[in-house]
Amino acid sequence: MDIQKRLDLLEQLIRCCYDISLRSYPPQLLSGPSGPGQSPDSDSILILLNLETHLQKHISEKDPHPLFLADRLGLLWIAGFEYEGSSLERIHVLGPAYSGRNSFQVIRRKLEEHNLSVAVRARMFRLFEHIPVIPANQLFQYAVMLHYCITQRRISTNDIRFAQEPGRISSSSEANLITTEHRGIWMAEQEFMNMLREGNPNYLDALARSSSMSNGPRFDIGDSLRAAKSTAIVLLTLCSRVSIEGGVSPAVAYTLNDYYMQMIEDCQDIVEATNTCNTMLADYVQRVRQSKADTLVSPQIRSVCDYISLHIREKIPMKALAREAGYTEYYFSHKFKQEVGLSVADYIKREKVHRAKLLLSGTKMSIQEISDELAFGSRSYFSSTFQKETGLSPTDYREQNRRT
């Protein structure tokens with residue numbers, strides 16, 4: 001069975017449940033006007049809804065994985081990429097869909113942001129009336145199946161790429177979860193929480209299994225972004241509590257909870273919420289792993305490490321740390337290096353670089369903004385410190401590890 005036949009079968013199977021289309025386009029559509037044989041609504045779908053920028057960026061990176069897109073109107077799309085060798089042959093787009101019952105009034109307000117003619121706007125309204133509501137976790141499964149139909153290679157939902165509006169400062173990640181079934185969810189969630197409690201780096205596999213059964217709390221407020229944020233906050237709360245069981249101090253866990261909750265509330269679309277969740281999870285797991293590695297550290301020095309974590313966005317004077325430990329500065333400096341294996345200054349640099357890695361891979365913050373966020377003093381000092389610690393410049397690290 002060739003690719004087109006597999007795609008036709010996939011569309012028929014999906015249409016058994018949802019009225020959603022799977023369209024195929026030549027890559028030339030993104031660089032010029034459509035040809036004579038082009039589908040008549042391709043421009044309205046790919047250009048009016050501003051997807052071409054995301055697709056061009058993804059294609060430029062030669063990434064064969066499926067792309068999950070959320071546009072400014074709250075519509076969700078999945079794009080699959082058919083390559084022959086290194087040459088892109090076709091782009092396959094499944095959508096549009098909602099993950100919640102967005103009100104018609106919200107759509108109307110958002111359409112005002114686009115300079116559309118009356119005729120085009122009327123056509124868009126007619127399209128919106130027939131767009132299905134599909135839980136995001138179901139769309140993730142469709143993305144996995146679409147990729148298999150194109151490449152005959154199996155991937156997991158963790159391999160899906162997410163696109164978001166360029167230039168927006170986000171804080172990355174998501175877990176937009178919903179279903180009518182609860183069988184097996186508790187066991188899957190417990191497996192995920194146990195991995196978090198242990199600092200197991202394979203926690204994403206357990207999260208994917210849990211997400212495939214549940215799309216979060218069973219409520220529908222008619223706003224897919226609000227639902228995604230609420231689900232992310234539930235996950236954040238659980239992770240903060242489990243991390244305490246894993247050894248993270250309550251002060252650190254609760255402070256991080258407040259920090260990431262604000263980041264989630266600042267998200268402007270589902271993709272940002274997803275990326276924020278990913279950043280948050282990676283941070284908590286790393287802290288659990290570190291706490292388990294620090295079992296030989298005395299309570300006084302452990303308290304100082306927690307203090308550094310809580311004040312990582314500030315300049316941290318040695319006097320404040322010595323006072324936190326209850327020692328003189330000289331004795332504290334000697335004892336800290338003896339127990340931790342690093343000088344106080346080197347430890348602070350390491351912790352700042354760790355936070356910088358999360359911000360580089362999981363947000364759209366500029367290098368300067370990250371430098372300011374972590375109180376490095378100047379971009380040049382941040383860049384030199386980061387390169388010394390990691391062997392990469394901040395820009396190179398972002399290019400190799402970006403999740404947005």
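Two strands pair if DSSP finds at least two bridges between them. Strands here are DSSP runs of E with at least two residues, helices are runs of H or I with at least four, and both are numbered from the N terminus.

This is a predicted model, so local features need pLDDT of at least 70 and side-chain atom pairs count only at pLDDT 80 or more, while totals for chains, interfaces and linings use all residues. Residues are numbered from 1 along each chain as its sequence is written, and side-chain values use heavy atoms, with hydrogens and water left out.

**Figure 1. The whole chain, before we zoom in.** The protein chain has 18 helices and 5 strands. Of its 404 residues, 51% are buried; that means under 20% relative accessible area, with exposed being over 50% and partly exposed in between (1.4 Å probe, protein chains only). Now take the contacts (heavy atoms within 4.5 Å) between residues at least 6 apart in sequence: 68% of them join residues at least 24 apart.

**Figure 2. The five-stranded sheet.** The 5 strands make an open sheet in the order β1-β4-β3-β2-β5, with mixed pairing. At the edges sit β1 (21-25) and β5 (161-163), each pairing on one side only. Ignoring direction, neighbouring strands are turned by 25 degrees against each other on average. Strands of a sheet pair through backbone hydrogen bonds, in either the parallel or the antiparallel sense.

**Figure 3. Strand β2 and its two neighbours.** With β3, strand β2 pairs in the antiparallel sense over 4 bridges. Here L67 stands opposite A79, and A70 has L76 as its bridge partner. With β5, β2 pairs in the parallel sense over 3 bridges, and L67 stands opposite R161 there. In a regular strand the side chains alternate between the two faces of the sheet. Both faces of β2 are covered: L67 and L69 on one side, F68 and A70 on the other, are all buried.

Figure 4. Strand β3 (residues 76-84) pairs with β4 (residues 87-97) in the antiparallel sense over 8 bridges. Look for I78 with its bridge partner L94, and for E84 opposite S87. The hairpin has 2 residues between the strands, and G85 takes a positive phi near 70 degrees. Because 7 of its 9 residues are buried, β3 is largely enclosed by the rest of the structure.

**Figure 5. Helices on the sheet.** Helix α6 (residues 136-151) lies across β1, β2 (67-70), β3, β4 and β5, and runs at about 15 degrees to β3. Helix α11 (residues 270-293) also packs on the sheet, touching β2, β3 and β5, and its direction makes about 130 degrees with that of β5. For these angles, axes are lines fitted to C-alpha atoms, for helices over the stretch in contact, and the values run from 0 to 180 degrees between N-to-C directions.

Figure 6. Side chains of opposite charge can pair when their charged atoms come close. A salt bridge here is a side-chain nitrogen of Lys or Arg within 4 Å of a carboxyl oxygen of Asp or Glu, and the structure holds 12 of them. One joins D306 and R302 (3.2 Å, N to O). Both residues lie in helix α12 (residues 299-310), 4 residues apart, about one turn of the helix. D306 counts as buried at 14% relative accessibility. Another joins E339 and K335, with the closest N and O atoms 2.8 Å apart. That pair is 4 residues apart in helix α14 (residues 329-340), so about one helical turn separates E339 from K335. E339 is partly exposed, at 23% relative accessible area, whereas K335 counts as buried at 14%.

Figure 7. Salt bridges that share partners join E11, R15 and D19 into one network. Between D19 and R15, the closest N and O atoms are 2.8 Å apart, and R15 is partly exposed at 38%. M1, L9 and L13 form a nonpolar surface patch with about 330 Å² of accessible area together. Patches are made of residues with over 30% relative accessible area and no salt bridge, joining like charges within 9 Å and nonpolar side chains (Val, Leu, Ile, Met, Phe, Trp, Tyr) within 5 Å. M1 lies in the segment before α1 (3-15) and is exposed, with a relative accessible area of 65%.

Conventions:
Accessible areas come from the Shrake-Rupley method with a 1.4 Å probe; for residues, only the protein chains shown count as cover.
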